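Welcome to this guided tour. Open your viewer, load the model, and get ready to select residues as we go.

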Amino acid sequence: GDLILIQLSGYQPFNVEFENDIVSSTITLAELEVLDADQIPTNLVVPLVAMSNSSSRVDSSSVIEECLSLLQILVAKLHNATDGITRNICFWTCKAEGPDAVADVEESSLIGASIWGMARSASLEIDPTILRINCVDTDTSSEEEGLTQTLQELRRIDDDSMQFESGVSHGDGGRFVRRLQKSKSPFIGDVNDALKPNVGVALITGGLGGLGLVTAEVLSELGATHIILV
């Protein structure tokens with residue numbers, strides 16, 4: 001399908017030559033907002049890898065708000081789509097996750113890591129039949145090579161024989177994905193009724209991530225009457 005780059009405020013435009021079978025252009029949030037539902041491109045990539053110049057600084061809060069607005073716009077529109085196409089949106093970061101994450105934390109890495117967290121929570125709330133969300137962290141400073149890695153992941157999404165991955169990191173000579181598996185020796189086993197604490201109401205900040213949901217399950221087993229996931 002088509003590949004469109006989302007141009008966020010503060011990030012430099014991308015002028016990269018793509019493979020012959022890929023037609024690519026950029027679009028701003030304002031331009032996306034005026035499109036009809038069926039005009040929304042199939043594959044959207046949000047580059048979060050380069051500043052407009054070396055001396056400029058991007059407000060991380062503004063970037064996160066802009067990405068959140070992007071998701072809200074897409075969901076609102078795609079509920080009215082009639083073409084039956086599932087759209088894909090990919091947040092492209094560089095060395096913000098995985099084995100090659102920058103040790104001396106850079107601003108772009110902090111923004112990227114924040115977006116990864118936001119995307120994981122959003123993917124639990126958004127219907128994957130209308131919009132699939134994934135994050136790709138590349139390990140190269142070359143825009144062309146990084147976009148090639150991102151494009152490879154988008155092709156995997158369209159391949160029904162491959163498992164969909166919500167987050168993929170390239171680095172240390174390999175490709176890394178996230179996996180949760182049940183522990184063979186859990187710390188919390190069966191709790192005697194007499195030992196159950198009077199939990200009452202529990203508030204879990206960051207509760208929509210993997211650990212937050214597991215914590216909610218444990219608190220429920222411990223007798224919590226109300227659990228609030230924020």
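Before the first stop, here are two words to know. On a 1 Å grid over the protein atoms alone, a cavity is a set of points where a 1.4 Å probe fits but cannot get out, while a pocket is an open set with protein on both sides within 12 Å along at least five of seven lines; lining residues have an atom within 4 Å of a point. Grid points are joined across faces, edges and corners, and a volume is the space filled by probe spheres set on the points.

This is a predicted model, in which local features need pLDDT of at least 70 and side-chain atom pairs count only at pLDDT 80 or more, while totals for chains, interfaces and linings use all residues. Residues are numbered from 1 along each chain as its sequence is written, and side-chain values use heavy atoms, with hydrogens and water left out.

**Stop 1: the whole chain**

Switch to a cartoon view. The protein chain has five helices and nine strands; helices (H or I, at least four residues) and strands (E, at least two) are DSSP runs, numbered from the N terminus. Of the 230 residues in the protein chain, 38% are buried. Buried means under 20% relative accessible area, exposed over 50%, and partly exposed in between (1.4 Å probe, protein chains only).

**Stop 2: the largest cavity**

Select Asn134, Glu153, Arg156, Ile157, Gln163, Phe164, Glu165 and Arg175, which line the largest cavity. The space inside this cavity is about 40 Å³, and a search of the whole structure finds one cavity of 30 Å³ or more. Which helix gives the most to the lining of the largest cavity? Colour helix α4 (residues 143-158), which gives three residues. By class, the lining of the largest cavity has two nonpolar, two polar and four charged residues. Here Ala, Val, Leu, Ile, Met, Phe, Trp, Tyr, Cys and Pro count as nonpolar, Asp, Glu, Lys and Arg as charged, and the others, Gly among them, as polar.

**Stop 3: three salt bridges**

A salt bridge is a side-chain nitrogen of Lys or Arg within 4 Å of a carboxyl oxygen of Asp or Glu. The search of the whole structure finds three salt bridges.

Keep Arg175 and Glu153 selected: they form a salt bridge, with the closest N and O atoms 2.8 Å apart. Arg175 lies in strand β7 and Glu153 in helix α4, so the pair ties together parts that are 22 residues apart in sequence. Glu153 is buried, with a relative accessible area of 4%, whereas Arg175 is partly exposed at 33%.

Next, select Arg178 and Glu97, whose closest N and O atoms are 2.6 Å apart in a salt bridge. Arg178 sits in the loop between β7 (174-177) and β8 (201-204), and Glu97 in the loop between β4 (87-94) and α3, so this pair ties together parts that are 81 residues apart in sequence. Is Glu97 buried or exposed? Glu97 is buried, with a relative accessible area of 15%, while Arg178 is partly exposed at 42%.

Finally, select Arg87 and Asp83, a salt bridge with its closest N and O atoms 2.9 Å apart. Arg87 is buried, with a relative accessible area of 1%, and Asp83 is partly exposed at 30%.

**Stop 4: the second largest pocket**

The volume of the second largest pocket is about 450 Å³. Its lining has five nonpolar, six polar and four charged residues.

**Stop 5: two loop residues**

Select Lys95, in the loop between β4 and α3. Its phi is near 55°, a positive value in a residue other than glycine. Then select Asp172, in the loop between β6 (167-171) and β7; the phi of Asp172 is also positive, near 55°. Lys95 is partly exposed at 30% relative accessibility, and Asp172 is exposed at 61%.
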